[in-house]
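Biologist: I have a model open and would like to learn how to read it. Could we go through it one feature at a time?

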Amino acid sequence: MSVSGLIASPSRCCLRLPDCNQGLVCRQVPSTPIASKPKAKFGKLHLERSRLTVSFRRWKMQKTHLIKCAMDASYGDMASESGAAMFPRINVRDPYKRLGISREASEDEIQAARNFLISKYGGHKPSVDAIEAAHDKIIMQKFYERKNPKIDIKKKVREVKQSRVVQAVTSRFQTPATKFIVKTSIAFIVLGVLTVLFPTEEGPTLQVAISLIATFYFIHDRLKSKIRTLLYGAGAFIFSWFLGTFLMVSVIPPIPILKGPRSFEVLTSLITYVLLWVSSTYLK
């Protein structure tokens with residue numbers, strides 16, 4: 001009689017179980033206990049069955065491990081045969097860092113980075129999906145920013161500083177020593193105070209003349225060149241006076257503190273003093 005791997009006889013029972021080395025083997029155990037020592041025989045039978053159960057579980061685990069190793073080896077062979085390289089930044093969350101571009105990159109630069117990475121890692125589908133996802137996210141973000149524009153003050157200031165006109169102007173100025181800055185500041189502040197406190201009917205003609213002489217003196221003291229002193233001083237005075245007049249006429253409203261028939265000339269002189277101080281102190 002055979003039932004589920006068991007072959008039974010009146011006196012003995014054969015249990016067919018897999019073995020790690022020999023496959024299926026027959027383990028014979030007594031089917032009925034001997035009447036003389038029933039408890040000992042039943043204990044021996046229980047111990048034998050426990051050993052067989054442990055042996056079966058070990059064989060099953062070894063078989064599962066061998067199957068898994070075979071599958072991994074086959075997949076490794078397939079990957080090596082395809083020769084597809086994996087994108088190294090596939091797990092980077094930031095789409096800009098994933099594509100290797102800056103946040104100020106143009107659409108052409110974004111598209112060029114995407115095409116380059118696709119051509120390099122096109123054989124690896126997860127890499128292609130990661131590159132495409134980063135590209136689509138950046139494009140959608142750019143579209144949203146165009147649709148809802150925001151004024152980036154830092155970006156605007158940086159663009160102004162990087163413009164050619166501003167760079168050309170700033171290149172003509174340099175910062176002198178602190179002692180020289182203090183000396184020029186005191187001189188023009190005194191001229192401004194005298195202009196406000198002692199206005200005349202003819203206007204602050206004397207104070208303006210003194211400011212022109214002070215400009216020549218300070219420029220020559222820094223540059224040590226008479227020709228450049230004459231050109232820079234005369235040009236700075238003319239530019240400062242015309243700019244001060246334009247600001248008083250078109251931009252700056254009348255100031256109620258300064259009253260009198262010559263208040264316009266006084267305010268124009270004060271603006272001229274500020275511009276002359278900048279020219280005589282920082283002009284290179």
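Modeller: We can start with burial. A residue is called buried when its relative accessible area is under 20%. Bear in mind throughout that this is a predicted model.

Biologist: Is Thr229 buried or exposed?

Modeller: Thr229 has a relative accessible area of 5%, which is under 20%, so Thr229 is buried. Thr229 sits in helix α9, residues 226–251. Apart from residues up to four places away in sequence, Thr229 touches Phe216, Ile219 and His220.

Biologist: What share of the protein chain is buried?

Modeller: Of the 284 residues in the protein chain, 25% are buried.

Biologist: Which elements does the protein chain contain, and in what order?

Modeller: The protein chain has 10 helices and four strands. Read from the N terminus, the order is β-β-β-β-α-α-α-α-α-α-α-α-α-α. As for contacts between residues at least 6 apart in sequence, 57% join residues at least 24 apart.

Biologist: What should I look for in a nonpolar core?

Modeller: The general idea is that nonpolar side chains tend to be buried together in soluble globular proteins. Here the largest nonpolar core has 14 residues, and those touching the most other members are Phe87, Leu99, Ile101, Leu117, Ile131 and Ile138. Helices α2 (95–99), α3 (107–121) and α4 (125–147) are the elements that each give two or more residues to this core. A second, separate core has nine residues, among them Phe180, Val208, Phe218 and Tyr273.

Biologist: Which residues does Ile101 contact, beyond its neighbours within four places in sequence?

Modeller: Ile101 is in contact with Tyr96, Glu109, Ile110, Ala113 and Ile138.

Biologist: How are α3 and α4 placed relative to each other?

Modeller: Their axes come within 9 Å and cross at roughly 170 degrees. An angle over 145 degrees counts as roughly antiparallel, so α3 and α4 are described that way. Residues of α3 in this contact include Ile110, Leu117 and Tyr121, and those of α4 include Ile131, His135 and Ile138.

Biologist: How do I read a pair of aromatic rings?

Modeller: Such a pair is described by the distance of the centres and the angle of the planes. This structure holds five aromatic pairs. In one of them, the rings of Phe87 and Tyr121 have centres 5.2 Å apart and planes at 55 degrees, so the pair is tilted. Phe87 lies in the loop between α1 (38–82) and α2, while Tyr121 is in helix α3, so the pair ties together parts 34 residues apart in sequence. Phe87 and Tyr121 are both buried.

Biologist: What are the distance and angle for Tyr217 and Phe218?

Modeller: Tyr217 and Phe218 are 5.4 Å centre to centre with 65 degrees between the planes, an edge-to-face pair. Phe218 has 5% relative accessibility and counts as buried. Ring pairs also link Tyr217 and Phe218 with Phe180 and Phe188 into a cluster.

Biologist: Which residues does the UniProt entry annotate as "transmembrane region"?

Modeller: The unreviewed UniProt entry gives that annotation to residues 180–198, 204–219, 231–252 and 264–283. Such annotations may be inferred rather than shown by experiment. In the model, residues 180–198 are 95% helix and 0% strand, with their end C-alpha atoms 27 Å apart. Residues 264–283 are 95% helix and 0% strand, and their end C-alpha atoms lie 28 Å apart.

Key. Residues numbered from 1 in each chain as written. Predicted model: local features only at pLDDT ≥ 70, side-chain atom pairs only at ≥ 80, totals over all residues. Heavy atoms only, no water. Buried < 20%, exposed > 50% of the residue type's maximum accessible area, 1.4 Å probe, protein only. Contact = heavy atoms within 4.5 Å. Core = buried A, V, L, I, M, F, W, Y, C linked by side-chain atoms within 4.5 Å. Phe/Tyr/Trp six-rings, centres within 6.5 Å; stacked < 30°, edge-to-face > 60°. Axes fitted to C-alpha atoms, helices over the stretch in contact; angles between N-to-C directions. Parallel < 35°, antiparallel > 145°, perpendicular 65-115°, else oblique.
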